[in-house]
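User: Could you walk me through this model one feature at a time? I'd like the general idea first, then the case at hand.

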Amino acid sequence: MQLDAIVQYLKEKDILERVMHFEGGEWKQHSLVFESLEISKIESPKEAKSNHLTFLEKEQYLEAIKHTHAKVILVRKEFLKALPQSSYAFVTPNPYLAMAYLTQKFAKPLFSSNVPPKIASNVQIASNVTIGNGSEIGENSILCAGVVIGENVKIGQNCVIFPNVCIYNDCSLGDRVRIHANSVIGSDGFGYAHTQKGEHIKIYHNGRVVIENEVEIGSNTSVDRAVFGETRIKKGAKIDNLVQIGHNCLIGEYSIIVSQAGISGSTTTGRNVVLGGQCGSAGHLHIGEFTQIGARGAISKSVPPFGKYSGHPLLPLNDWLRLQALFKKMLKKN
């Protein structure tokens, strides 16, 4: 998208205050003529390249924004000094809302490929299966009845996709992956920005889902695609029925997530993490490797590795057990 067009669009939405660049030791207002500079995508500060746009919403990302290569940064005026001097600063009172508006402009069409799907000769395909253009299905894989595969999806060798599974565009599955009935891979995450009038502006999720080798996903589970970048389920992870994995999550190798757990967006785990049934996590936190969370554990902040926790609020397991024993004694006295 042409940078001049981005400026015009944000001005139409009445959310762009000014465009600034660094010159002569200070940030100055830019002339708003960019000589056809092209921005190819929106990306996180860490992953952004010189032809990308990113945004700074919270102070916790100040360090990341200092090292970004993004050409354009949506930012509040009070954070100008944190930006790299090679970038253009698009000053806005609400960078998150401005980003939400722009995600629609960078969304790919749902139907864009003219390349026929590439299907190995020994793939077994049941009735009523849909496979989108540009997709690839590896050897010895099985697609059961009612499966829907979007465009540009890659499915590796020896995979089993059970009935009525839906895999959205651009997702990627490794080898020996099993996905059980009615699960959805790659739907949009639950992401909205909010105007001062209380309107909810959809954030278009333009990333993808990557599922590595030997992952098994139970029935009626949803794995949301990333806003930008990817949601990734790493090798050997096992996910039960009725689990929700939010956008931009990373689930570590050989982790186990039990039924009805919900993982909020941008949460990451180390390897061999175990989350009991009905666990829930807040977003943008990390659960350390080999950590175990008991059933219904409420994870509100990052958790160090090699621990055992339970409860709401989350406590080390031994503390939680002592607390339950104390409650029982108190009830008996009454």
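Analyst: Let's begin with burial: a residue is buried under 20% relative accessible area, exposed over 50%, and partly exposed in between, using a 1.4 Å probe and protein chains only. Phenylalanine 22, at 24% relative accessibility, therefore counts as partly exposed. Before we go on, this is a predicted model: local features need pLDDT of at least 70 and side-chain atom pairs pLDDT 80 or more, while totals for chains, interfaces and linings use all residues. Residues are numbered from 1 along each chain as its sequence is written, and side-chain values use heavy atoms, leaving out hydrogens and water.

User: What about tryptophan 27, buried or exposed?

Analyst: Tryptophan 27 comes in at 15% relative accessibility, so it counts as buried. Across the protein chain, 47% of the 334 residues are buried.

User: How many aromatic pairs are there, and how do I read one?

Analyst: Rings of Phe, Tyr and Trp (the six-membered ring for Trp) pair if their centres lie within 6.5 Å; planes under 30 degrees apart are stacked, over 60 edge-to-face, and the rest tilted. That rule gives five aromatic pairs here. In one of them, phenylalanine 22 and tryptophan 27 have ring centres 5.5 Å apart and planes at 75 degrees, so they sit edge-to-face. Phenylalanine 55 and tyrosine 96 make a tilted pair, with 6.2 Å centre to centre and 55 degrees between the planes.

User: Where do phenylalanine 55 and tyrosine 96 sit in the chain?

Analyst: Helices (H or I, at least four residues) and strands (E, at least two) are DSSP runs, numbered from the N terminus. Phenylalanine 55 is in strand E4 and tyrosine 96 in helix H3, 41 residues apart, so to speak a link between distant parts of the chain. Phenylalanine 55 is buried at 14%, whereas tyrosine 96 is partly exposed at 31%.

User: Which strands make up the open sheet of six?

Analyst: Two strands pair if DSSP finds at least two bridges between them. The six-stranded open sheet has the order E2-E1-E6-E5-E4-E3, with mixed pairing. Strand E2 (26-29) and strand E3 (41-42) are at the edges with a single partner strand each, so one side of each has no neighbour in the sheet. Further in, strand E5 (residues 72-75) runs parallel to strand E6 (residues 88-91), joined by four bridges. Valine 75 is opposite valine 91 of E6.

User: Which helices lie across those strands?

Analyst: Here contact means heavy atoms within 4.5 Å. Axes are lines fitted to C-alpha atoms, for helices over the stretch in contact, and angles run from 0 to 180 degrees between N-to-C directions. Helix H1 (residues 3-12) lies across strand E1 (18-23), strand E4 (52-55), E5 and E6, at about 15 degrees to E6.

User: What is the strand order in the nine-stranded open sheet?

Analyst: That order is E9-E12-E15-E18-E23-E26-E29-E32-E35, with parallel pairing. Strand E9 (130-131) and strand E35 (298-299) are the edge strands, each pairing on one side only. Two bridges join the parallel strands E12 (residues 148-149) and E15 (residues 166-167), and isoleucine 149 has isoleucine 167 in E15 as its bridge partner. The whole protein chain has four helices and 37 strands.
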